[in-house]
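Here's a walk through one model, from its open spaces to its charged pairs. Have the viewer open as you read.

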Amino acid sequence: MTTRQATRTNVKSFPAPAQLATLTDLTAQEAQAVTEAVNPLIADAFALYVKTKNFHWHLAGSHFRDYHLLFDEHADAIFASIDIMAERVRRVGGTTIRSISHIGQLQTIEDDNADFVPAGEMVKRLMEDNEHIAKTIRDAIEVCDKNRDSATSNELQQILDETERRTWFLFEIMQGVNNTA
């Protein structure tokens with residue numbers, strides 16, 4: 001199957017093929033619900049990671065050093081969360097992201113291909129995206145709790161805390177941007 005064909009076909013994440021079907025005491029419906037709640041988070045984390053690195057690489061302005069380092073730190077934290085979430089999906093008997101096209105099918109974070117984004121606008125966009133991910137994580141935690149998967153819920157709570165920390169830092173920067181304008 002070519003990449004173009006893959007973009008027109010939804011990638012199946014549950015149930016896993018027999019060779020990948022991890023044993024779990026969750027019912028098939030519970031495992032599927034968790035898989036379907038977490039996989040879009042993984043896609044959004046990939047999308048936000050790329051956007052954050054994009055802004056890290058294409059930053060200009062008076063706060064270059066501070067924002068450059070902050071965006072890199074944020075990207076590292078986002079990237080680290082991906083493996084945690086993907087391994088939880090596998091532990092409950094699902095499969096996870098397989099390709100860039102699969103990410104595109106599931107992501108809700110908008111890509112950003114603008115030629116130039118001012119630093120203050122970068123901060124604003126990243127803050128809004130982190131807020132969006134926080135809401136999505138909360139929704140996924142609710143699904144996990146409802147479907148007896150406290151382990152995934154606990155991991156997502158930690159990732160939510162890190163997401164809220166990023167949002168807080170970006171919010172505080174925005175306060176400075178708005179007060180100096």
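## The pockets

Sorted by class, five nonpolar, five polar and four charged residues make up the lining of the largest pocket. The classes work like this: Ala, Val, Leu, Ile, Met, Phe, Trp, Tyr, Cys and Pro count as nonpolar, Asp, Glu, Lys and Arg as charged, and the others, Gly among them, as polar. Keep in mind that this is a predicted model, where local features need pLDDT of at least 70, side-chain atom pairs count only at pLDDT 80 or more, and totals for chains, interfaces and linings use all residues. Residues are numbered from 1 along each chain as its sequence is written, and side-chain values use heavy atoms, with hydrogens and water left out.

The largest pocket has a volume of about 280 Å³. It is lined by 14 residues, and F46, A47, V50, Q107 and D111 are the closest to its centre. Two or more lining residues come from each of α2 and α4, with α2 giving the most, five residues. Helices here are DSSP runs (H or I, at least four residues), numbered from the N terminus. A pocket, on a 1 Å grid over the protein atoms alone, is an open set of points with protein on both sides within 12 Å along at least five of seven lines, and a lining residue has an atom within 4 Å of a point. As for volume, it is the space filled by probe spheres set on the points, with grid points joined across faces, edges and corners.

The second largest pocket holds about 180 Å³ of space. Of its 13 lining residues, V11, K12, S13, E36 and L106 are the closest to the centre. Here too α2 and α4 each supply at least two lining residues, and the largest share, five residues, comes from α2. By class, this lining has four nonpolar, seven polar and two charged residues.

## An enclosed space

The cavity is lined by 13 residues, with S81, I133, I159, T163 and R166 nearest its centre. The elements that give two or more residues to this lining are α2, α3, α5 and α6. Its make-up by class is nine nonpolar, two polar and two charged residues.

## Helix α3 and a serine pair

With 28 residues, α3 reaches 41 Å from its first C-alpha to its last, close to the expected 40 Å (the expected span is 1.5 Å times one less than the number of residues). Its buried residues include Y67, L70, F71, H74, I78, S81, I82, M85 and V89; buried means under 20% relative accessible area, exposed over 50%, and partly exposed in between, using a 1.4 Å probe and protein chains only. An α-helix has 3.6 residues a turn, so residues three or four places apart point the same way. After α3 comes G93, whose phi is positive, near 95 degrees.

S101 sits in helix α4 (residues 100–106) and counts as buried at 10% relative accessibility. Its side chain makes a polar contact with the side chain of S99, at 2.9 Å. A polar contact is a pair of N or O atoms within 3.5 Å; within protein, one must be able to donate a hydrogen and the other to accept it, and residues adjacent in sequence count only if both atoms are side-chain atoms.

A salt bridge is a side-chain nitrogen of Lys or Arg within 4 Å of a carboxyl oxygen of Asp or Glu, and the count comes to twelve. In one of them, R148 pairs with E30, their closest N and O atoms being 2.8 Å apart. R148 lies in the loop between α5 (119–146) and α6 (150–180) and E30 in helix α2 (residues 28–57), so this pair ties together parts that are 118 residues apart in sequence. R148 is partly exposed at 46% relative accessibility, whereas E30 is buried at 12%. D25, E30 and R148 are linked in a network of salt bridges.

D129 and K51 also meet in a salt bridge, at 2.6 Å from N to O. D129 lies in helix α5 and K51 in helix α2, so the pair ties together parts 78 residues apart in sequence. Both D129 and K51 are buried.

E73 and R165 form another salt bridge, with the closest N and O atoms 3.3 Å apart. E73 lies in helix α3 (residues 64–91) and R165 in helix α6, so parts 92 residues apart in sequence are tied together. E73 is partly exposed at 40% relative accessibility, and R165 is partly exposed at 41%.

Methods
On a 1 Å grid over the protein atoms alone, a cavity is a set of points where a 1.4 Å probe fits but cannot get out, and a pocket is an open set with protein on both sides within 12 Å along at least five of seven lines; lining residues have an atom within 4 Å of a point.
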